[in-house]
Amino acid sequence: MSYYISPRFLDKLSIHITKNYLDIPSVKVPLILGIHGRKGEGKSFQCELAFERMGINVVYMSAGELESPDAGDPGRLVRLRYREAAELVKVRGKMAVLLINDIDAGAGRVDQYTQYTVNTQNVNGTLMNIADNPTNVQLPGSYELEPNRRVPIIVTGNDFSTLYAPLIRDGRMDKFFWEPDRIDRIGIISGIFEADGVQRGAVETLVDTFPNQSIDFYGAIRSRLYDEQVKALIDEVGIERISLRVVNSEQSAPIFRKPDFSLPHLLEVGNQIVGEQRRVQEMGLAEQYNKALYFNRKLGNTADQAPAKEEAPAANAQYYQKYDSGNTTGNAAGSGNGQNNHQPSSSSYGGQPSSTKLTPDVITQVNQILKQGLRLGIEYVNERRFRTNSWNSYGSFQGQASEAIAALEACLGERPTDYVRLVGINPEDRRRVAETIIQRPKGKVATA
């Protein structure tokens, strides 16, 4: 079975690796290449194919190794693996790389509930130090005068905006967004079904029928086609004896005949998988079991609720009003005694007192963006960078409004002196269809 390697992917990876082994005068080459993109698009697998084709050695790390019960262990492990890769270059005489898979899952901070530990700080600091001094990577407790070999680092992940910003700056990390186009998708999926005799025309129809699915979706289709034969094997052997037949048997391994790889059958199985995906998104059983999640979702949905009714002030309300020394003018309609006229308390959610820091107009904008099927992005920028339009991403959300509202509250709380805006993004072509600034410096929140 021959797998497809995207020319764009192979070019980016091979150029980065080769540049790090060349001595180009007066050129600073970033040590780290960050490959990011949607889940299931084959980032790690494309790396494997490229490494195999280039004939280079690989030292692996995963996101699970970036945390430990012992403080400092992950940072020490990163240094150790890097020196192992450098030693491979010396011993085997071939290029080597250090590959860290899913780095944002281990070192990223997804939201305000993600724990940020001393190990996370150490990993970020270690990677930055290695990127700045790639030939002087020392292990704790020892110091060697002889420099080690420079070895490029490849990291993969989904959302690099969750990583420590100084780590991903251009001088340290070269970034590559991997999004296979139609030609890449057809090539990759043709490789998946090549041994099964699926024609290229059928693969093109399959890709066009499910254009928004990731690459691993088509691998799942191929895997599910064998379910019927596995079930037949279980029925034949018996549910009580299947363990002995498969794991500890003197008989030869079961042989499966070729399933039905016709296009209608592939489309049928694909629609079944899409249906399961949809059920996961629609059920939301966690909200039924967790009342806090249910209440937060209700707070975020304002379209179906009636507007709050303004209650008439009580007869003795004037005795309980707070005196505002900064607003003593404009009381022509008031009582003239220096007290403000009674104003009903703000209510962001029809008839319920607001439990958030957001105005009803901002919450309505959030709901309108999400109900249109768009992805909601939250971005911020300080006053100096605002002039150059250099916005930073705080996070993106799609579906439930409660998560987006909680993140927006956190962003406004953490950055009261920055500009903050909401962005509506079309998930299909990633085109921005709406941009609204909701906060300007000095904490002034804009209304619709």
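Helices and strands here are runs assigned by DSSP and numbered from the N terminus. Keep that in mind as we walk through this predicted model.

Let's start with the sheet. It's an open one, with 5 strands in the order S2-S3-S4-S1-S5, and the pairing is parallel. At the edges you'll find strand S2 (57–62) and strand S5 (173–177), each of which pairs on one side only. Neighbouring strands in this sheet are turned by 20° against each other on average, ignoring direction.

Now zoom in on one pair. Strand S3 (residues 96–101) and strand S4 (residues 153–157) run parallel and are joined by 3 bridges. Look for Ile-100: its bridge partner in S4 is Val-155.

Next come the helices. Helix H2 (residues 43–54) lies across strand S1 (32–36), S2, S3 and S4, and runs at about 155° to S4. Helix H3 (residues 73–92) packs on the sheet too, touching S2, S3 and S4, and its direction makes about 170° with that of S2.

So what about the inside? In soluble globular proteins, nonpolar side chains tend to be buried together. The largest nonpolar core in this model has 72 residues, and those touching the most other members are Leu-13, Ile-35, Phe-51, Ile-103, Ile-153, Ile-154 and Phe-193. H3 supplies the largest share of this core, with 7 residues.

Leaving out residues up to four places away in sequence, Ile-153 touches His-16, Leu-31, Ile-32, Leu-33, Tyr-82, Leu-98, Ile-100, Leu-127 and Ile-130. There's also a second, separate core of 21 residues, including Val-362, Leu-370, Cys-411 and Leu-422.

Conventions:
Residues are numbered from 1 along each chain as its sequence is written. This is a predicted model: local features need pLDDT of at least 70, side-chain atom pairs count only at pLDDT 80 or more; totals for chains, interfaces and linings use all residues. Side-chain values use heavy atoms; hydrogens and water are left out. Two strands pair if DSSP finds at least two bridges between them. Helices (H or I, at least four residues) and strands (E, at least two) are DSSP runs, numbered from the N terminus. Axes are lines fitted to C-alpha atoms, for helices over the stretch in contact, and angles run from 0 to 180 degrees between N-to-C directions. Contact means heavy atoms within 4.5 Å. A nonpolar core is a set of buried Ala, Val, Leu, Ile, Met, Phe, Trp, Tyr and Cys residues joined through side-chain atoms within 4.5 Å. Buried means under 20% relative accessible area, exposed over 50%, partly exposed in between (1.4 Å probe, protein chains only).
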